[in-house]
Amino acid sequence: MAEERAKSLYQMKRPRKLDFNAPLLSIRRPSGCTDNSQPKLQDTGHSIPFCWEQVPGRPKDSQKSPERDTPRLRLPPGRLHPHKQVPSNEDLHDLHQDDSCDGDIDVDDDYVDVFSNPMDVLSLTEAIDIVEKAEQNHGLDGFNLEHNDSISPSYIMERFLPDATALAASSVINVNLSNKLPYVCNDPETRVSEAVGRSYSLPKVCGLEMLLPWRMKHRICGIKSPVRQACSANVQVKPQSSAKHKRSIVRPFGDHWWCWKMAMEITQFLLAAQSADANVRNEAENNLRQLQQQNLPAFLLSLSFELANNEKPTESRRLAGIVLKNSLDAKDAGTKEALVKQWMAIDISCKSQIKDLVLRTLASPVPEARHTSAQVIAKIASIEIPQKQWPELIQSLLTNMTQQDSPASLKQATLETLGYVCEEISHEDLVQEEVNAVLTAVVQGMNLAEHSAEVRLAATKALYNALDFAQTNFQNEMERTYIMKMVCETAKSKEIEIRQAAFECLVSIASTYYDVLEPYMQTLFELTSNAVKGDEEAVALQAIEFWSSICDEEIELQEFENPETGDSGSTHSHFIEKARSSLVPMLLETLLKQEEDQDQDDSIWNISMAGGTCLGLVARTVGDEIVPLVMPFVEANIMKPDWRCREAATYSFGSILEGPTIEKLAPLVQTGLEFLLNAMRDENNQVKDTTAWTLSRIFELLHCPASGFSVISPDNLQRVLTVLLESIKDAPNVAEKVCGAIYYLAQGYEDTGSSSSLLSPYLTTIIAELLRTADRTDGGDSKLRSSAYETLNEVVRCCNISETSQIIAELLPAIMSRLDQTLQLHIISSDDREKQGDLQASLCGVLQVIVQKFSSTDDTKSIILQAADQIMVLFLRVFACRSSTVHEEAMLAIGALAYATGPEFAKYMPDFYQYLQMGLQNCEEYQVCSITVGVVGDICRALDDKALPYCDGIMSLLLNDLSSSQLHRSVKPPILSCFGDIALAIGEHFEKYVPSTLQMMQEAAKACAQLDINDEEMVDYGNQLRRSIFEAYSGILQGFKNAKPEVMLPYAQHLLQFIEVVFRDRQRDESVTKAAVAVMGDLADALGPNTKILFKDSAFFPEFLGECLQSEDEQIKETAGWTQGMIGRVMVS
């Protein structure tokens, strides 16, 4: 049994098959840590740092992620109807707009009072009574029905501003600089003494890395005496005798001459950094870098003054805001952590001045200044509020809303700031009193009778970000009803942007607070129905998304229902089932609103696409009940002369194929298959496109001979293939969908025994047509070519190798020849390089599948062994290309070749090892690193002890990767598993790596206990991490079993403690359970009687084994039985 366990470890890591439907690795970072109430692991003393992407100012909980729990319609390769959210308008201003202001704000006591005299804020409940009395004819009528829904749309406020190069291209720089800066060289104090300014709303994408703060020891400027103020010939300066004026001046620079020199020069440098002249721009960037390196706090303070000063040019203030914001945040976790530490290290008085300046800028008369300041405030808040700093921020913002003399522009900026702050921080960072006050201010800001459109729009957007904070409020019926009433009223506003923002709030409410929506569903149905039928597209899309979200919630509830009792443990209101008779006809009407040529662009997301996607979700929710509601629409429109009707009928039929039972669909599909095949000759391109997509859906969902049912039979297979292979010559978009249909047709014959021979007679023709399709030059952006190669992979993978080995053997040199030709292409531009990389990636993928297919049987493995040298030479030449996609596919193919050649792969290692090192060091392209880690395991299993000469370097790189804060966390579990592969391959020679490796694994075990158990993604990641730790232990224990097992004895107690921690965790998945019970058996098997006392002292394992022996998973039961035998043998020894 022990040998079988070791063998199973090898089998678990056999070369991976290509999975073209597999999702990309997640890039989301952990949202926080919580303390699990589970048994604690003993501290092992000095340990190697096990670094994760955890930084102060953690990102918000992932409830607003654009990723959906329920996938949209799965389309074939090349055809993906993206489930898109309509981006909400951020009220951004055109870069070419004249943003000059009519006058400046006098910074006097009244202005200071706006931020320094907080007033009492009513709670939400108290505010209801007041506002109710103020309302006259704006109330909502009957809140009652039976349906509703919601989902979190991809509405994210503008956060990342563009770099200086983008600004140079879009700013009005052609005006003579001297005309814009009549005062540039005259008076530094004048330019830094005013505390209000203008900012700018900019498009996304931020570069300008040279302006990011450098890591260095900073000198803080003292604040000893005010800088002397000189008078500019072009700027009128107010008398200094006024005490009122004196209090309004902020003097950060003290007597350091170069500090005020920085303030004087920074305007010129910021303007020059946006010049169209590269030489001017580079010199300015160098100057800015020098200022930053001289004194970072003074540099940031100068940027704050530049942003806040009304007398500065818009262009310089705009870039000052960019650099200031980017000095606080970054997408990369490691960079972000460095920036956070940098900010926290700045003197508190300097930070206070910066914060005061950006708060004051909210009162600027220039909208762009207010917008940028709102973003900067939110970035500072994301760092400081989780650290319990800046406690006065929320109250300062609320004061702006409650003071009667606050201008509308200040209220608008304040609400925008509140929205950004709520987006940046967690709801756990505010106490309930603050949450109540924020919601009161936001909801009152939506009041039509009291505020302008700009204020109401900002309030509605702020509410969207604040909804996660309103959990307690939504449990209070009065407060919940008031919020819903205000949102529904706002959804009827005359302004399109406000209506759209209000519907986005409803979408979020539907997914976040589904269980309390019952009383409001009648109103919500009426609102959404009216919007879908007659409102602007941006609003209608959100109304449809509302119902898609309700479907998502109910599908998830159904997945967790107890099959016997029907109880899911949560409120299931069956909104879709109750609303289906009205909802489905509404959605069917949207299918008739296609756009011309929408089939040419898969990125289009319109009402027709959204309606079809929602219809598919409704089908998954209600099952068979969707069929009688949709089929009359299909029958009524499928034969009409208008192509829109024919396309909509076909699309609706394809959309409902997932959900109803086979028994319900089979008669319809068998009757309609011939009709659909004939429709592939329709005169309209969009009809053919949708028909091919529908056929691929039929083959995906209703063609599975192994299960006993398939719409494809020996009688109609030839007819189906004839139509498909003829249609693959059609327009590129149609051919792309036909590739998808062939893909799923071939996939249906996987693992069907003799049935797979049905496709064998046609294999030569299919492969030839797919290769011709891949060679087409009218595919435009190469989607058709990649779809053809992906389909070829699936055809090869699913064929009967015993019948088709000769055909595949002839395909192998053809693909090798094509790959060789790509290495001889003349590359002129980056576009040429990208196309070469895409083609090489596709061809490497085909070679990987062919190698795996031939390696699957002893009869055909010799074919690969004969061609292995040539294949490896090609792969090594491909590595000369620096495209990350080529690296990924070539690495995967080499892993398959290592498995096929076994110990013979050793002869390739001297040439290949350098690329293995490069892959393991590639932290930026983390998917390449992850794949390389997997290939290391493949190679070790292939070479066994022949891998020993390379293990020192490999282990060093793997340990460095685990310790790196730059490497994405998704790569770290595979690294731990790889330790087990290496130990299993080299056996007792692994001893020298044990101290560092085991300490790292123990650190990883402790990190598991710190993951946020309320974050579903982090729970999944924790399961991956724990499973990998157990796999590593299993490999190491089995590696030492026959030589020096005592090496692992000091670590046995910690392992048992960790197993107990996992056993107590009810969120573990079955794969973790299996790995945990298996490693417990490995421990007893490898260490034998030495573990007797440990097992006697561990009271949990009998209960754990009992649970596993009762499992419905046969593999868990079998593994638990083996483990029980191993422990029993130890206990009687």
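In helix 38, M909, F912, L916, G919 and L920 meet a set of residues in helix 39, including V928, C929, T932, V933 and L943; meeting, or contact, means heavy atoms within 4.5 Å. Helices here are DSSP runs (H or I, at least four residues), numbered from the N terminus. This contact divides into 11 nonpolar, 2 polar and no charged residues, with Gly counted as polar.

This is a predicted model, where local features need pLDDT of at least 70 and side-chain atom pairs count only at pLDDT 80 or more, while totals for chains, interfaces and linings use all residues. Residues are numbered from 1 along each chain, and side-chain values use heavy atoms, leaving out hydrogens and water.

Here are two helix pairs, with axes fitted to C-alpha atoms over the stretch in contact and angles from 0 to 180 degrees between N-to-C directions.

| Pair | Angle | Axis distance |
|---|---|---|
| Helix 38 (909–920) and helix 39 (926–943) | about 145° | 8 Å |
| Helix 16 (408–424) and helix 17 (432–445) | about 130° | 11 Å |

On the second pair, L415, L418 and C422 in helix 16 meet V438, A441, V442 and G445 in helix 17. By class, that's 6 nonpolar, 1 polar and no charged residues.

Back to F912: skipping neighbours within four places in sequence, F912 also touches M872, L876 and F879, among others. F912 is one of the residues touching the most other members of the largest nonpolar core, which has 317 residues. Such a core joins buried nonpolar residues (under 20% relative accessible area, 1.4 Å probe, protein chains only) through side-chain atoms within 4.5 Å. Helix 23 (residues 537–559) gives the most to this core, with 11 residues.

Definitions and conventions: Helix = DSSP H or I, 4+ residues; strand = E, 2+ residues; numbered from the N terminus. Buried < 20%, exposed > 50% of the residue type's maximum accessible area, 1.4 Å probe, protein only.
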